[in-house]
Amino acid sequence: MEVASTKTGGAAFLDWGALALTLVGMALGIFVALFSHDAVMQFHAVLFALFALAGTIFLAGKAFSSAPSQPADFYADNVIKAGTIATVFWGVAGFMLGDIIAWQLAFPALNFDLPWTNFGRLRPVHTSAVVFAFGGNALLATSMYVVQRTCKAKLFGGWLPWFVFWGYQLFLLMAASGYLMGVTQSKEYAEPEWYVDLWLTIVWVAYLLVFLGTIMKRREPHIYVANWFYLAFIVTIAMLHIVNNLAVPVSFLGTKSYSAFSGVQDAMTQWWYGHNAVGFFLTAGFLGMMYYFVPKRAERPVYSYKLSIVHFWSLIFLYIWAGPHHLHYTALPDWAQTLGMTFSIMLWMPSWGGMINGLMTLSGAWDKLRTDPVIRFLVVSVAFYGMSTFEGPLMAIRSVNSLSHYTDWTVGHVHSGALGWVGMVSFGAIYCLVPWLWKRQGLYSQRLVEWHFWVATIGILLYITAMWVSGIMQGLMWRATDALGVLQYSFVESVEAMHPYYVIRAIGGLLYLTGGLIMAYNVFRTIRGDEPVDVADQPRIAAAPEIRHPQTVPAV
């Protein structure tokens with residue numbers, strides 16, 4: 001416990017400077033809302049002005065406050081609590097949208113012939129809600145928690161972590177509402193238009209400052225490996241985002257812009273970004289999560305600390321070159337396609353090294369799988385990580401890609417990683433964080449965690465197996481020819497053959513959504529402080545305010 005001291009002149013100057021910036025932001029939002037002839041730009045300008053107004057009120061309260069200093073918590077956990085709640089909210093929203101569009105593919109009448117409810121607009125909302133809203137908030141919350149505990153230092157920046165959190169929520173709202181209203185630059189995983197991209201850049205730089213600043217003022221000489229993975233994720237995503245989204249707006253008062261790249265250069269840049277968004281946002285960041293929460297929950301050291309370092313450096317070097325495998329049999333030069341395929345195959349080694357490291361961390365603690373459903377989420381997520389990182393390089397091989405590309409096999413592969421790896425490790429981290437952050441005896445119900453695990457796992461298996469069968473069938477039907485070389489099936493016939501698998505996929509998604517709702521209820525009851533219904537079954541896992549985590553003692 002520390003006592004908050006009175007503000008220094010530098011801190012007061014920063015508060016007043018930030019207050020001036022929020023006033024400028026509010027004025028800019030009002031100006032654009034009044035003078036733009038673009039309805040979507042006007043709507044987003046109003047959102048931005050309201051955000052700036054809220055920031056002005058908050059900072060003015062701090063600047064003019066004469067309240068005496070109060071005892072301050074050693075760690076800044078309130079912003080992490082907000083991030084945990086946002087993760088649960090956006091997760092349920094993203095899963096729900098995903099299941100809606102899955103049913104639309106099975107039964108197209110569910111598009112309702114309305115522009116804002118059709119598949120074309122809801123699909124990017126689902127993608128962004130699951131990847132950037134659910135996954136992004138999970139990474140914000142866990143990275144801020146982990147960096148404080150492993151560095152024994154409070155988050156850097158005072159109010160800056162709150163700016164990162166609320167600024168990121170504003171980005172998500174502008175992106176999702178823009179998709180629904182038909183505004184997109186049509187780049188996979190990078191659909192927001194130029195002004196939304198600019199705002200995200202500002203928020204992301206602030207996030208980097210918070211994370212780096214906390215590491216720089218650490219009281220522990222060692223930088224734990226999870227922080228290296230989080231840092232690689234933050235830095236690389238910034239680089240990818242800036243380069244891929246270079247664009248020239250038609251007007252500063254309108255939403256439309258044109259990319260700085262064209263033709264095959266645009267395609268190459270997009271899939272350099274797209275594959276590495278998977279590699280660093282959905283892999284490196286969540287590996288940081290794995291390297292903290294698996295050892296912490298198992299109460300065992302990382303199996304091999306040396307292997308974790310080799311895993312880190314080899315992964316970040318190899319991943320950045322693998323993007324061209326998305327462009328086999330296109331206008332991209334053959335040497336670039338081959339380069340992407342080669343580095344993708346090489347990724348087998350570090351990926352499986354990380355998986356083995358995660359699973360072997362349970363050495364001596366495998367009995368916990370019988371009694372602790374939370375650790376089941378974490379272990380199964382690592383297994384899905386291993387499976388997805390085996391399947392990905394396989395699909396990057398040109399001869400395999402000729403069958404798999406543009407089919408539902410790719411959809412199944414992506415969701416085995418997203419639902420199995422990203423989703424399950426995030427669920428495990430949330431179930432760990434909620435009792436720790438709110439200082440509860442345990443989760444409200446371990447039985448509900450059991451139900452969530454099995455319902456979600458069955459949902460994933462239904463989803464990915466349906467897509468594997470559907471995808472391979474698609475690829476074979478599209479290439480089937482008779483003795484004269486004439487195609488045997490029309491495209492419509494392949495769509496008709498996929499229908500039962502689409503229904504199975506939608507049922508699997510419904511089960512996964514049900515698991516998310518179970519989690520939301522369990523988390524709500526836990527946060528509210530309700531007495532656990534199964535106290536005897538609750539595992540006793542330390543909340544980790546201390547610096548000496550068991551996983552910082554490597555077992556090589």
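In which helix is the place of Leu-180? Select Leu-180 and you will find yourself in helix α5 (residues 160–180), helices here being DSSP runs of H or I with at least four residues, numbered from the N terminus. This is a predicted model, in which local features need pLDDT of at least 70 and side-chain atom pairs count only at pLDDT 80 or more, while totals for chains, interfaces and linings use all residues. Residues are numbered from 1 along each chain as its sequence is written, and side-chain values use heavy atoms, with hydrogens and water left out.

Leu-180 has 31% relative accessibility and therefore counts as partly exposed (buried is under 20% relative accessible area, exposed over 50%, and partly exposed in between, with a 1.4 Å probe and protein chains only).

Next, select Arg-123 and Glu-188, which form a salt bridge whose closest N and O atoms are 2.9 Å apart; the term means a side-chain nitrogen of Lys or Arg within 4 Å of a carboxyl oxygen of Asp or Glu. Because Arg-123 lies in helix α4 (residues 119–151) and Glu-188 in the loop between α5 and α6 (194–216), the pair ties together parts that are 65 residues apart in sequence.

Lys-187 is buried at 7% relative accessibility, whereas Asp-266 is partly exposed at 21%.

Finally, select helix α15 (residues 408–437), where 26 of the 30 residues are buried, so the helix is largely enclosed by the rest of the structure.

Terms used: Helices (H or I, at least four residues) and strands (E, at least two) are DSSP runs, numbered from the N terminus.
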